[in-house]
Each structure stands twice: as C-alpha cells, then as structure tokens.
Amino acid sequence: MNYKTITLKRGKDSSLRRFHPWVFSGAILRADEGIEEGEFVRLLTENGDFIAVGQAQIGSITVRVLSFEDIKIDKNFWRERLASALQVRISIGLADNPQNNTYRLVHGEGDNLPGLVVDCYGQTAVMQAHSVGIHVCRNEIAEALVEVMGERIKHVYYKSETTLPYKAELGQENGFIYGGSDENIAIENGLKFRVDWLRGQKTGFFVDQRENRSLLEQYSKGRSVLNMFCYTGGFSVYAMRGGAHLVHSVDSSAKAIELTNKNVAMNFPDDQRHAAFCDDAFKFLDSNENKYDLIILDPPAFAKHRGALHNALKGYTRLNARGFESIKKGGIMFTFSCSQVVTKDNFRNAVFTAAAQAGRKVRILHQLHQPADHPINIYHPEGEYLKGLVLYVE
C-alpha cells in the first residue's frame, strides 16, 4: 500500500490502543505533505509502529479509523463490513421480516464504518455520508451494498447534501446512484408510512423511534394523545392503532403536517379521531392546557455541538415544564432528546428541574434509548445519542 502516513505525538495513541475510532488534531506530531481530505492514511506511533488505517478530514476530528489492521481499503473491505452489519440485523429479527422492511443497516461507528449511515425502506436503501472520505467512496460502497443485500435492495438513493462538511464545497446533490424508484411506502410493525427521502429530515424517517412508538401504542388505549413535533406522524399512527380516544399532531412545518395527514389516512382512512395543526409548540401548549392525558415531546436536536449544551438544557427544561403544566392529572408523558452532546444525566436533570418548576409529582416508568439497529460501539460511547423517559404525572 502507498497510503500516506500521519504520525502521532508520544502518548496520543492510547485511545487508539483502546480501539476508539477518532483521532483529534491535537494528537498529530507530523503528517506527509499533500494529504487531501477523504484520503486513506496510515497512522503511526512516534516510533514508527503501525496503529490503524483511516480517512483524513479537516476539523477537530482529523482521522476516522476504518481498521486497526494494516490492510487496503477496497471493495472487499466494504463488502465484509456491510455483510457483518446485515448479519446483525438478521440476528435481531429486523431484516427479512415481512411486517417490518424499515430498519437501519449501517450506523456509522456502531458498525465500524465511521461516517456512513444506511437506512432501508423496502427495496430502497438510503445512503448518507457524514465525511468526505465516505463521499469519495460512495459508488464503490453502493456496489458492495447491492451485492451484499442481493434481492433485498434494488435501489440506492444517496442523500448527503446536508450532512457533508459545507466547507468541503463538493457541490453534492441528492439522487439515485443505483436503480431508481418512485415507490416510497415503507412498512414498520405492520403500519405503512410514506418516506420522503428527497426532502425529509435524516434519511426521510426517524427509524430510531420504532421501539418507542411500539411502547407508546401500549399506553394509548382510551387516551387523548398530543404528538408534538410530529414530523411524519409516526407516534400518532401507533397511538391510533393502540386505541386512542383522539390524536392531535402538531408541527411548525406545513410539509410535516401534510405528510402526517397522508400517513394517518393511509392506515386509518376517514378516521375522525385525528387532527393535525401547523403551529409553534409553546403556543399550542399554552392554549391547550388540561386537554391531553398522553403527550409526546420529541423535538429536533437542541444541541449539535458542545458549545450549545447550556442553551439546549435550558430549552429542554422549558419545553418539559410546559408539558408538565399542560398534561392532565394521571397523564403519561414520553419525552426525548436526540442531542449527542446531551448525556442521560444532563437530560434527566433537565426534566427533573422542569417537574419541580411545574410543581407536579412525577414517576419514571421507563428509560428509553436507541434500538438495536442503531448499535453503540463499546469503544465509542459517543454513539449513544437518543435518550427518553416515560413519565407518570400526578
């Protein structure tokens, strides 16, 4: 291999010895000239010993590690890693399940493929790059993906326009890089959803809430449900199947409301229990106190970097306080944070503060997290991003 090399400072290889997949800029002693962003590099100790192979990038994370073995990264490598990821999804009963053709196949560092996300919706795989290195290899990865998935996948849609570093100036546009289809109906636990991978958030659907939606279904019978930040209406559809008395979906995006209405109608045509409202969350809660006995608070990430943590925690406290103030006595509240920099303790403390501010007695019924198809690499605890609580409010 003729990969260029990056040499680390003395003692800065300790995290790599523990198989952490990131190298930060402050750890670098020297690097070969002319290393371009996305290029494969070999990482060496100060003494010249090999540690890992990865992809170089600009920023605080300077290298994302792909292998701790001194190997060439080629199509065989991608094929082996993708096959391993598929095997995990087969073993947990998600792949090849006729009642569920919606799942995450690749979850970045959790599947030892830093910077790569692949979500499957029926026979379409939506591939997303979070690094220039993955973008450079996108076609080779797509070819390996189709080979590994066989008849399961016939189309690969590449959706990285908003996830690649904007300073890279790659001019990336979303689109199919293999096959092509207008079919965008996915099945999750027997329910149907339209997936907007063209304009939607993430890969078009929040796959990570699948198990939490199923839990909500169990609590919905006979309740009046408010689904805040509804996006595609996933929680709303599950609540209706669970026997909710009424379900109201709220989002500030008119497109989200339109998609929610379509998803509800597809599963429960002409069902008068549901109504959707395009409104600000706080305004809606202010004008609808003591109306609901099951409230879902699943906002977008309030903090995408550590510098925003303080304001994010204030935001979670304020939002949950309004939820506690609004919910009926004996109500159930599902509340979430999908901000990676917000720890479980951070989030729990914010919700605790909110309960105290609202003066409500609150019990924790469940502590929620991301599902098994969003695995956490044991050497990369930063991969644990989704936190949730199910609360009983007196």
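View 1. Ser224 sits in strand E14, which covers residues 224–228; helices (H or I, at least four residues) and strands (E, at least two) are DSSP runs, numbered from the N terminus. This is a predicted model, where local features need pLDDT of at least 70 and side-chain atom pairs count only at pLDDT 80 or more, while totals for chains, interfaces and linings use all residues. Residues are numbered from 1 along each chain as its sequence is written, and side-chain values use heavy atoms, with hydrogens and water left out. With a relative accessible area of 8%, Ser224 is buried (buried means under 20% relative accessible area, exposed over 50%, partly exposed in between, using a 1.4 Å probe and protein chains only). Setting aside neighbours within four places in sequence, Ser224 is in contact with His245, Leu246, Lys291, Tyr292, Asp293 and Leu294; contact means heavy atoms within 4.5 Å.

View 2. Arg223 forms a salt bridge with Asp293, and their closest N and O atoms are 4.0 Å apart; the term asks for a side-chain nitrogen of Lys or Arg within 4 Å of a carboxyl oxygen of Asp or Glu. The pair links distant parts of the chain, 70 residues apart: Arg223 is in the loop between helix H5 (210–219) and E14, and Asp293 is in the loop between helix H8 (281–286) and strand E17 (294–297). Both Arg223 and Asp293 are buried.

View 3. Phe193 belongs to strand E13 (residues 191–194) and is buried, at 1% relative accessibility. Among the residues Phe193 touches, beyond those up to four places away in sequence, are Gly234, Val237 and Tyr238. Just after H6, Gly243 takes a positive phi of about 95°.

**View 4. Helix H4 and the largest nonpolar core.** The largest nonpolar core has 35 residues, and Trp78 and Leu105 have the most contacts inside it; such a core is a set of buried Ala, Val, Leu, Ile, Met, Phe, Trp, Tyr and Cys residues joined through side-chain atoms within 4.5 Å. H4 gives the largest share, 7 residues. Trp78 is in contact with residues including Ile141 and Ala144, which are among the buried residues of H4. Just past the end of H4, Gly150 takes a positive phi of about 60°.

View 5. The side chains of Arg79 and Glu147 meet in a salt bridge (2.5 Å, N to O). Arg79 is in helix H2 and Glu147 in helix H4, so this pair ties together parts that are 68 residues apart in sequence. Arg79 is partly exposed at 27% relative accessibility, and Glu147 is partly exposed at 42%. Salt bridges also link Lys75, Arg79, Glu143 and Glu147 into a network.

**View 6. An open sheet of 5 strands.** Here the strand order is E7-E8-E9-E10-E11, and the pairing is mixed; two strands pair if DSSP finds at least two bridges between them. E7 and strand E11 (175–178) stand at the edges with a single partner strand each, so one side of each has no neighbour in the sheet. E8 and E9 run antiparallel and are joined by 6 bridges. Look for Val117, which stands opposite Gln128 in E9.
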